[in-house]
Amino acid sequence: MGREGYCQGANVMNHTEKREFLDTAGLAVLEVDDKRSKDLIVKYPRGIHIYHQPLDEILKASNIFVITSLSRLSEVANIVIASEKQRHLRGLFVHINVEPSFMNKIFDDAKIRITEKVIMHSNLELPNRVLKAWQTGSQEELIAEATVVVNDLFVRDCALNSWRIPFDMLPSLAKIPPEERSNFELDEDGSYIYWPSADIHLDMEVLRAAVDKERQDKLNYERVIYDQYFGVAVALVRKAHNIRQTDIVGISERHIRRIERGERPKLETLRKLAQAHGMNLNDYLEEIAQTVSKLKESTSLS
């Protein structure tokens, strides 16, 4: 296969394999930007097809992202317009590298509409987070970015849907003093937003449920079921590895008991649990998930 306009950092696929990928649920990225390619490609997850020229075969993919700069927007315009018409455009990331006051004129000349799928950015953190979420199929579960405007929290998930959440709509948010509301941290992969001063973690599901009553009711129900099995599973896995509640570094025995009774642990706590079991987080969660499945099966049979 020739290398014209196509590369994949992890492995090289032959022409037939590439077309088969694009004809199914392919994730394709067209990146036409200035002197930033190496930084971005190194961080691309495996399985994402990267193009550096606006080739028509990109349009065979069902999920298309375009990464460019304002100064080179016209070079990708045909792909952007065509993929948007197909409803396959998932995101257009535009690096602001010229005077922002000319932005509307540049978009007008390229005949590209500024929609919710158009994201202006100043560094590679945002597009990388979004692409990793799509590669794992968790784009609606992870947070792409967030900002605070007076009394509202604005959040965008990695599917690039946006929400406005008033701070007084969630009891946990309402506890945060106004002067501390902008002092939050976004987890590297977008799993949660964290306010250190109030020790509050909120994920996308909780935030979305705050403005969606039906989703909130469903979340509360699922949480009860989830907690019921999760705590038991944590205890069973711990005992299967011959680990006592007092053996887990960084987590008190009392905290372990609360988790095993159904309290939802934070991500950092799960990492400590995984480490105590001599496992990485993914493997630990996989064993927990398998144990939960067995518990549900035994419950349904009884």
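Six residues line up on the covered part of helix α3, if the names are simply read off: Leu-73, Val-76, Ala-77, Ile-79, Val-80 and Ser-83 are buried. Here buried means under 20% relative accessible area, with exposed over 50% and partly exposed in between (1.4 Å probe, protein chains only). Helices (H or I, at least four residues) and strands (E, at least two) are DSSP runs, numbered from the N terminus. Contact means heavy atoms within 4.5 Å.

This is a predicted model, in which local features need pLDDT of at least 70, side-chain atom pairs count only at pLDDT 80 or more, and totals for chains, interfaces and linings use all residues. Residues are numbered from 1 along each chain as its sequence is written, and side-chain values use heavy atoms, with hydrogens and water left out.

Back to α3 and its length. The 14 residues of this helix (73-86) should span 20 Å at 1.5 Å a residue, and the end C-alpha atoms sit 19 Å apart, which agrees. The expected span is 1.5 Å times one less than the number of residues. There is a bend of about 30° at Ile-79, taken as the angle between axes fitted to the seven residues ending there and the seven starting there. Ile-79 is also one of the buried residues of α3. After the helix comes Arg-87, with a positive phi near 65°.

Helix α5 (residues 125-135) is mostly covered, with 8 of its 11 residues buried. Among them are Leu-126, Val-130, Leu-131 and Trp-134, along with Asn-128 and Arg-129. Gly-137 follows α5 and has a positive phi, near 75°.

Now for the sheets. Two strands pair if DSSP finds at least two bridges between them. Strand β8 (residues 152-157) pairs with β9 over 5 bridges in the antiparallel sense. Phe-154 stands opposite Arg-164 in β9, and Val-155 stands opposite Trp-163 in β9. The two strands β8 and β9 make a hairpin with 4 residues between them, and Leu-160 in the turn has a positive phi of about 70°.

Another open sheet of 3 strands runs in the order β10-β11-β12, again with antiparallel pairing. β10 (185-186) and β12 (200-202) are at the edges with a single partner strand each, so one side of each has no neighbour in the sheet. β10 is joined to β11 (residues 193-195) by 2 bridges, and Glu-185 has Tyr-194 in β11 as its bridge partner.

As for the whole chain, it comes to 11 helices and 12 strands, and 44% of its 302 residues count as buried. Among contacts between residues at least 6 apart in sequence, 60% join residues at least 24 apart. The average pLDDT, the predictor's confidence in each residue from 0 to 100, is 83, and 82% of the residues score at least 70. Over residues 1-25 the pLDDT is below 50, and this stretch has 48 contacts in the model beyond near neighbours in sequence. Residues 37-42 also stay under 50, with 11 contacts beyond four places in sequence. Where pLDDT is low, the predicted coordinates should not be read in detail.
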